[in-house]
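Please read these notes beside the sequence and the coordinates. They are set out as numbered points.

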Amino acid sequence: MNSVNQIISFIVSFLYGFLFFLLTKVNFYLTEQLKNIIKNIITVVFVLDMIFLYILILYKINGGYFHIYFIVTVVFGYIISFGFYKKFFSKINVKHIFKH
């Protein structure tokens with residue numbers, strides 16, 4: 001894999017960490033009122049879908065090469081998004097958006 005593909009993979013992995021954090025928040029708010037067993041099943045399916053989507057994206061970008069550095073970059077993006085969420089997105093009422 002050449003260096004351009006690696007840089008693109010790092011950027012996409014970092015942004016995927018942001019996306020994963022935001023979608024995790026949405027999943028939490030959507031399943032908040034459900035029973036624990038159903039909430040856990042939905043969360044497991046959600047995480048598996050996110051993993052499969054990430055693998056598919058990596059396959060399209062760099063032919064399926066997988067390095068632990070990409071996972072570390074996803075986790076780094078997820079952790080960094082905590083600060084951005086508190087600073088910028090905490091003022092958005094997600095419950096109001098997804099009100100039934």
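1. Contact here means heavy atoms within 4.5 Å. By that criterion, and not counting residues up to four places away in sequence, Met50 touches Tyr16, Phe20 and Leu23.

2. On provenance: this is a predicted model, in which local features need pLDDT of at least 70 and side-chain atom pairs count only at pLDDT 80 or more, while totals for chains, interfaces and linings use all residues. Residues are numbered from 1 along each chain as its sequence is written, and side-chain values use heavy atoms, with hydrogens and water left out.

3. The protein has four helices and zero strands, giving the pattern α-α-α-α along the sequence. Helices (H or I, at least four residues) and strands (E, at least two) are DSSP runs, numbered from the N terminus. Among contacts between residues at least 6 apart in sequence, 76% join residues at least 24 apart.

4. Of the 100 residues, 21% count as buried; buried means under 20% relative accessible area, exposed over 50%, and partly exposed in between (1.4 Å probe, protein chains only). The accessible surface comes to about 7400 Å², with 72% belonging to carbon and sulfur atoms. Areas come from the Shrake-Rupley method with a 1.4 Å probe, and for residues only the protein chains shown count as cover.

5. Which residues make up the largest nonpolar core? The seven are Tyr16, Phe46, Met50, Tyr54, Leu58, Phe70 and Val74. Helix 2 (36-62) and helix 3 (68-89) are the elements that give two or more residues to this core, and the largest share, four residues, comes from helix 2. A nonpolar core is a set of buried Ala, Val, Leu, Ile, Met, Phe, Trp, Tyr and Cys residues joined through side-chain atoms within 4.5 Å.

6. Helix 2 has 27 residues and reaches 39 Å from its first C-alpha to its last, close to the 39 Å expected at 1.5 Å a residue; the expected span is 1.5 Å times one less than the number of residues. Its buried residues include Lys39 and Asn62. Just after helix 2, Gly63 takes a positive phi of about 75°.

7. Leaving aside neighbours within four places in sequence, Ser9 is in contact with Leu58, Ile61, Asn62 and Phe70.

8. Asn2 sits in the segment before helix 1 and counts as partly exposed because its relative accessibility is 44%. Asn2 and Asn62 are 60 residues apart in sequence and 9.0 Å apart in space, C-alpha to C-alpha.
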